[in-house]
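Please keep the sequence and the structure in view while reading.

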Amino acid sequence: MIIYLDESYDWQGTYFLLGALFVREDHDVFLASFNDIKRGEKFERVDGTLRELKYSKINYANHERTAIKAIQAFKAQNSYFRAVIIPQASFDLSYYGKKYEPDKIKRARAYKKFAEMLIEYNTPEVTGGVLFADYLSRCKGELGRGDEFVEVMKQRFVYPSDEGLRVKPKLKHISEVKSHLNDYALLQVCDVLLGCTLNGILKLHKGPRMSHKNAVTERMREILEIPTYDKAYWQALSKLYVREYRDRLGMAEYCKATHSKYRLWFWRPKEKA
């Protein structure tokens with residue numbers, strides 16, 4: 001399995017989203033299909049490289065078509081998408097560090113925690129997988145002294161500490177990659193899925209600036225048969241996610257479960273005693 005990890009947030013500071021595209025099989029087929037879609041929509045440069053598809057830059061008809069075709073390709077492949085949505089107003093950074101520590105380090109720790117949960121709960125029976133994280137500010141080593149995203153994730157998934165359990169590690173490789181490179185272009189598909197999700201949750205006003213983005217968001221809902229983006233609907237399913245994990249559901253059963261292709265998890269803080 002190859003996993004692509006990306007983040008998104010709105011400029012108003014309403015939500016922070018962390019999304020992951022899980023490609024179970026035939027990764028190279030999916031990648032080649034997506035790159036061919038971009039070539040067919042004139043994304044190819046003179047030197048043969050391909051321009052990047054970003055949800056935030058879907059302002060033209062060919063970008064809209066490319067994004068919709070990417071979603072259709074995702075549906076046809078052995079892959080699934082998961083996202084955790086964190087309301088920033090109710091997010092208390094004090095849980096992730098000491099008072100004197102900068103908020104940037106606390107946010108990095110929170111980012112890693114949500115990434116761990118996203119992977120742990122959605123990879124039944126997976127061993128020897130690969131994780132590609134978008135080259136994000138929260139992942140860079142400038143945080144220093146053990147706060148680097150990649151190194152901490154390796155300790156969690158590549159080099160499990162409890163050797164007595166003799167559990168094979170879920171992942172064999174974790175690295176930061178740049179989404180504009182052709183070899184990692186499926187991060188762009190993850191970006192489109194995540195961008196549509198944020199747009200659908202926020203219910204942004206329609207208008208000339210958002211027309212192509214809104215069209216892609218609505219088509220994704222139709223293509224993936226998403227009943228709604230509403231928080232209440234998806235929060236009601238959180239107990240199902242926990243039960244599947246607790247019961248150690250196998251991958252075959254997991255991929256036949258409710259909304260197996262696309263799922264949202266709306267995080268909510270524990271109530272203080």
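Predicted model: local features only at pLDDT ≥ 70, side-chain atom pairs only at ≥ 80, totals over all residues.

## The β1–β2 hairpin

In the hairpin formed by β1 and β2, where 5 residues lie between the strands, Gly13 adopts a positive phi near 80°. Residues are numbered from 1 along each chain as its sequence is written, and side-chain values use heavy atoms, with hydrogens and water left out.

The strands β1 and β2 run antiparallel and are joined by 8 bridges, where pairing requires that DSSP find at least two bridges between two strands. Within this pair, Glu7 stands opposite Leu18 in β2.

## Strand β2 and its other partner

β2 also runs antiparallel to β3, to which 9 bridges join it, and here Val23 stands opposite Ser79 in β3. Because 9 of the 9 residues of β2 are buried, the strand is largely enclosed by the rest of the structure; buried means under 20% relative accessible area, exposed over 50%, and partly exposed in between, with a 1.4 Å probe and protein chains only. Both faces of the strand are covered, with Tyr15, Leu17, Gly19, Leu21 and Val23 buried on one side and Phe16, Leu18, Ala20 and Phe22 buried on the other.

## Helix α1

Helix α1 (residues 27-40) has 14 residues, which at 1.5 Å a residue should span 20 Å, and the 20 Å between its end C-alpha atoms agrees with this; the expected span is 1.5 Å times one less than the number of residues. Its buried residues are His27, Phe30, Leu31, Phe34, Asn35, Ile37 and Lys38. Seen down the helix axis, these fall within an arc of 150°, so they line one face of α1, the arc being that of the directions from the axis to the C-beta atoms.

The buried residues of α1 pack against β1 (2-9), β2 (15-23), α2 (61-76), β3 (79-87) and α5 (186-202), contact meaning heavy atoms within 4.5 Å. Asp28 and Gly40 are exposed on the face turned away from the buried side of α1, and the helix is followed by Lys42, whose phi is positive, near 65°.

## Cysteines

A search of the whole structure finds 0 disulfides, a disulfide being a pair of cysteine sulfur atoms within 2.5 Å. Cys190 is buried at a relative accessible area of 0%, and Cys196 likewise counts as buried at 0% relative accessibility.

Note on methods:
Helix = DSSP H or I, 4+ residues; strand = E, 2+ residues; numbered from the N terminus.
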